Amino acid sequence: MGMAEKIVHRAQSLVEPGEIVQGAFAGQPSITNRIGQGGYRIVVATDRRFLVFRSGTFSQTVIKDLVEESPRDQRLGEPGGIFHDVAVGSLTMKVNFRYFAQVRAIDLALDPSGS
């Protein structure tokens, strides 16, 4: 099981009954992700909303405290490069290329036509 799949699996118990997790990924406040910056953020997209959780400084799959909740009506955009800036609600995170497939799948789930 890959890291994104672990996050999705762990997020299932944190959503409301009937809410569907459409994807998840880890992001970080900056490329260096220093200890004083609060570690990783876990973004969970459901059919209703985005949830952003705090994770550990060294772990990208542990889901801790809820940081922010925002409507599911925004697109994350086409990622590129090694790190891509992704804005969710009021937060902007650096997302590593290993999660780009999840970012694309989340946008596709919002708008299956791709427009």
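Surface first. The accessible surface of the chain comes to about 6,000 Å². Carbon and sulfur atoms hold 55% of that area. Keep in mind that this is a predicted model.

Now charge. The chain carries 13 positive and 12 negative side chains. The centres of those two sets sit 9 Å apart.

Next, overall dimensions. Along the principal axes, the C-alpha atoms fill a box of roughly 40 × 30 × 30 Å. What about the radius of gyration? The chain has 13 Å. For 115 residues, a compact globule would come out near 13 Å, so the two agree. As for burial, 44% of the 115 residues count as buried.

On to the fold. We have 2 helices and 6 strands. Starting at the N terminus, the order is α-β-β-β-β-β-β-α. So much for the order; now the contacts. Take the pairs in contact that are at least 6 apart in sequence. Of those contacts, 45% join residues at least 24 apart.

Let me zoom in on helix α1, residues 3-11. Which of its residues are buried? Ala4, Ile7, Val8 and Ala11 are, each with under 20% relative accessible area. Why do these residues lie on the same side of α1? Because they cover an arc of only 100° around the axis.

Terms used:
Residues numbered from 1 in each chain as written. Predicted model: local features only at pLDDT ≥ 70, side-chain atom pairs only at ≥ 80, totals over all residues. Heavy atoms only, no water. Helix = DSSP H or I, 4+ residues; strand = E, 2+ residues; numbered from the N terminus. Rg over C-alpha atoms; globule rule 2.2 N^0.38 Å. Buried < 20%, exposed > 50% of the residue type's maximum accessible area, 1.4 Å probe, protein only. Contact = heavy atoms within 4.5 Å. Areas by Shrake-Rupley, 256 points an atom, 1.4 Å probe, with all protein chains shown as cover. Lys, Arg positive; Asp, Glu negative; His and termini not counted. Charge placed at Lys NZ, Arg CZ, Asp CG, Glu CD. Arc of directions from axis to C-beta.
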